[in-house]
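Trainee: I would like to learn how to read packing from coordinates. Please take me through it step by step.

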Amino acid sequence: MVELDKEVLPLPPRYRFRDLLLGDWQADDRVQVEFYVNENTFKERLKLFFIKNQRSSLRVRLFNFSLKVLSCLLYIIRVLLDDPREGRAGWSLIIWVNRPVPLWALQVLVAFISFLETMLLVYLSYKGNVWEQVLRVPFILEMISAVPFVVTVFVPSLRNLFIPVFLNCWLAKHALENMINDLHRAIQRTHSAMFNQVLILVCTLVCLMFTCICGIQHLERAGNNLTLFDSLYFCVVTFSTVGFGDVTPRIWPSQLLVVIMICVALIVLPIQFEQLAFLWMERQKSGGNYSRYRAQTEKHVVLCVSCLKIDLLMDFLNEFYAHPRLQDYYVVILCPAEMDVQVRRVLHIPLWAQRVIYLQGSALKDQDLMRAKMDDAEACFILSNRFEVDRIAADHQTILRAWAVKDFAPNCPLYVQILKPENKFHVKFADHVVCEEEFKYAMLALNCVCPATSTLITLLIHSSRGQEGVASSTDQWQRTYRRCSANEVHHIRLEESKFFGEYQGKSFTFTSFHVQKKYGVCLIGVRRLDTANILLNPGPCHIMAASDTCFYINVSKEENSAFVRGHRESLRGPGKGADSAPQNIYHGLTRLPVHSIIASMGTVAIDLHDSSDSSAIVGGGNTLTLPATADSTQQRRHSIAPVLDLGEVNGPTFDLLGDQSDDEAGEDGEEGGIFKGDLLSLSARWVKGYPLNSPYIGSSPTLCHLLQEKVPFCCLRLDKACHHSPCEDARSYGFKNKLIIVSAESAGNGLYNFIVPLRAYYRPKKELNPIVLLLENSPEADFLEAICWFPMVFYTVGSIDNLDSLLRCGITFADTMVVVDKESSMIAEEDYMADAKTIVNVQTLFRLFPALSIITELTHPANMRFMQFKVKDHNSLALSRLEKKEREKGSNLVFMFRLPFAAGKVFSVSMLDTLLYQSFVKDYMISITRLFLGLDSTPGSGFLCAMKITEEDLWIRTYGRLYQKLCSSTGDIPIGIYRTESRALPASESQVSISVEDCEDTREGHEPLLCRAAPHRNSTSSEPPTSSSSSDHPLLRRKSMQWARRLSRKGGRGPTGAKGPGSAAERISQQRLTLFRRSERQELNSLVRTRMKHLGLSPSGYNGMTDQANTLSYILINPFPDTRLELHDIVYLIRPDPLSQMPNRSSARNAGRSDSTHL
């Protein structure tokens, strides 16, 4: 403290204490600093006005350009007024000219102003070296054309001296170039090098021609005395290398000028053309600009991608231009990569060349967004690169692009595609967002309980008129499948509709049934005027209002439809439709003693009552029996209860959130009956609620089946026992239902969306399938924390290409296996080779486990043809030819006739791209798809489920009668049929395969499994019905076995009774084929059983002799009402929300009913 006090200086005595308190004594030490004082000088101000400031400099250069052009015009006027034949003669005509005094005065004034401006600019541009300014070509030309006029002011005798004023054209060219540069700087215009180069080339040609014309005309004053037009004619003929020779220079100065000008042209013009060609090539690579005039007069959309593939481009163009009102739109592609050869070839096609513009640039640069005229665009599509090695990094790039576009053009609608669900909340400001993994896993999950949901959604979101394969479809199923695939989702206001206008004030189910019966239109949802939420099948409690927006499935929208009464019935005729089966098949089926019709909620069975017919109830049971007829030979169509016009439902109501002991009690009387051992008490306590831990932000809350207490992480491992449970394989758990196995590379957040739809609250406990995740990498703790609250969800660590891993995860107890495409395999040196490993592994699974239903995700849809590949299969070859024809026609769905796709066994995530494209025209498609897949759960909105048609249900006969029965009982809305048929194979091939497999099957005794119990009638398993074909047709089984035995016995003997040696050779070849097939099947069967015994697993659950290769499955979306139902058909339903309250029945009765309708 003492040292500090010594350092403080005492205050001067003149400062008073008041000044010390007020601080006035410190004012004298403050110094004001002024900045940029160098710009306050007179020279800097002039430089700022003439050079630095873009707008003022532009005005100065425009004035300079006008002066130079004016001087050239005055020179032309002087030439026209001058007559060389008057006065002088000889060489003096070149030196002296006749210049009128007024013209001389104007030329002197222009020259004096130009001289002063030039000297001022030289002074402002001076930087210490005066010769740098003096020796410049523009300065020399200015001195040649301006100084002589200034001299003539002081020397009057030189007023008629010739001065080459026409050289000012080069100064005008220089001023024009500077003016264009200043103009670009002033208006912030970039990427105009091409325009500048073209301007320079044109100006160079004009200046060369003008200089040559004026020079030859003046020099020939002493020769041929050519006019300006004659000189122009001569220069054009000479520079075009024609050279007629009728006009030629006579004196040597003009001849020398021609030689000089030709040499200059040969040097200057090639350089200019080379620069122009280089810039043209660069422009072709970068794409140039989208003109502002076109942007203001035409409509366009911008497609932002990081890497443009030909498949992505064609999918976008075909889907975007499939809508008639988008034919006049332009598509501007903004991509940072250079356009590849395939894309360039496609964009040169006249169909796309006039409507698609490719710009090489980045969405993060305002200059490139300005080139694409993003602020004037109708929409911007931002797509992620799914082939990126790091998909998270690809999402980050997409997020930055979306932010940049929103910052540059806030009013431009954004359509964003994101890959990872955890990144979705970063782009929630976008108008429409499609998360690839979110949709993919939900679609794959529904494929397990509602077969071919992926195909159903894909067909609905693709624009098609049902013209695919119209000339090449030879099979009946192809024609039916093609016609039904043309159905799409459309919308219209009820008060503006002819379809729905007459049903104002009626219930939703009443409207849906009658519209489907009358017009063949399937009404699936509505949206109130005062809300933005779409309700799928709100049920009979919803009364249609005039302001409601109706969403329906039809081939075309109502505005493009014509109404011709009776045309449909007369066209098809009774029983002659394309969907109608032969009548003799159904005559016997309708006589079956049917007791009930089954409706399904997901996989729940409900007995439906017909309250209008009390005689149908026998003994008070909960069944629907057919009324007895006096004459057993007489057939009649049984009546179905009418659909009520005001929301009353004839079927029973029940509480799905309550404890339904009948539905959930196991056969042993224990609730759940899911596990054995110490884990039973923990797993039996199930509740319905919302998941507590979501793995990412932005997931829609869904009411699910949950455990009251979460499962410890050690108990989630299926193949390892812990101190909580001794179970270490799928058999020891004693599952009542078959497993659903998901093979994935890692436990990403998207897998959460696979579990949620399969554990939704509307699916009963006894129908829930255990879910096993087969992961190559161990899951993280946060993922386990999210799934530990769900019942019957396990994981194992292994690979799909390892047989031991498959057996440990319980594949022999599985009904469905989902193979998810690996992210690491999406990148390959050859694009379409990304699916090679997946395809080979799945093909191996088909051979090892033929009874297993496998759903595969592929990167490229074109690789679907390799699924279940057979070399000599005539059906596959026919479909391959059909696909090639469709590709040549430019079809949107070239792969739609492939059997794996039609059956819903294969899915490619690129099929979802069209969902984002179609949202530009149908902004509701993403919301409807999310409701279909269970990603969103809007209160009052229904959900997608399925119902299997059994023998007891075939009395309904037709799809239209089923539609009425469901609407009048449970309020379900059917939207399509999943049909499985047997394929006709060659007789020898089919008999050999059946006989060998059946013989082997009878020789081996299989121990019955818990999971092989009799399935529920409403089971929605995607397993084809052919697995039980041998039991359904015992006569065929016995005959096939007898035929095989006879063939084997006759093989060693001679061809008795045969006609020629050809039949003997044929029998021998058939025997060899039989032995080959038999040995291969036995070898695979023995391999699997050996590995199971080695791992300590019981081989009793494995059946490797079931063959599903002789069936085909396909989807019929919104079929005709008179379409015949067939055995094992699976009907897609939209079931009303069980939580929505039913309307008061007394009020409905007082409001009145419509007349009964009997089918």
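**Reading the packing**

Mentor: Start with F381. Leaving out residues up to four places away in sequence, F381 touches V301, V302, L303, C304, F316, F320, Y415, L916, Y917 and F920. Contact means heavy atoms within 4.5 Å.

Trainee: What should I know about the model and its numbering?

Mentor: This is a predicted model: local features need pLDDT of at least 70, side-chain atom pairs count only at pLDDT 80 or more, and totals for chains, interfaces and linings use all residues. Residues are numbered from 1 along each chain as its sequence is written, and side-chain values use heavy atoms, with hydrogens and water left out.

Trainee: How many residues does the largest nonpolar core have?

Mentor: A nonpolar core is a set of buried Ala, Val, Leu, Ile, Met, Phe, Trp, Tyr and Cys residues joined through side-chain atoms within 4.5 Å. Buried means under 20% relative accessible area, exposed over 50%, partly exposed in between (1.4 Å probe, protein chains only). Here the largest nonpolar core has 201 residues. F381, F754 and F849 have the most contacts inside it. Helix 19 gives the largest share of this core, nine residues. Another core, of 39 residues, lies apart from it; C169, L171, F210 and L228 are among its members.

Trainee: At what angle do helix 19 and helix 35 cross?

Mentor: Helices (H or I, at least four residues) and strands (E, at least two) are DSSP runs, numbered from the N terminus. Axes are lines fitted to C-alpha atoms, for helices over the stretch in contact, and angles run from 0 to 180 degrees between N-to-C directions. The axes of helix 19 (residues 436–449) and helix 35 (residues 925–933) cross at roughly 40° and come within 9 Å. That makes helix 19 oblique to helix 35. Angles under 35 degrees count as roughly parallel, over 145 as roughly antiparallel, 65 to 115 as roughly perpendicular and the rest as oblique.

Trainee: Which residues of helix 19 and helix 35 meet?

Mentor: E438, F439, A442, M443 and L446 in helix 19 meet I926, T929, R930, F932 and L933 in helix 35.

Trainee: Is E142 buried or exposed?

Mentor: E142 is buried, at 4% relative accessible area. E142 lies in helix 8 (residues 137–154). Setting aside neighbours within four places in sequence, E142 is in contact with K68, S114, F115, T118, V147 and L171. E142 and K68 are 74 residues apart in sequence, yet 10.0 Å apart in space, C-alpha to C-alpha.
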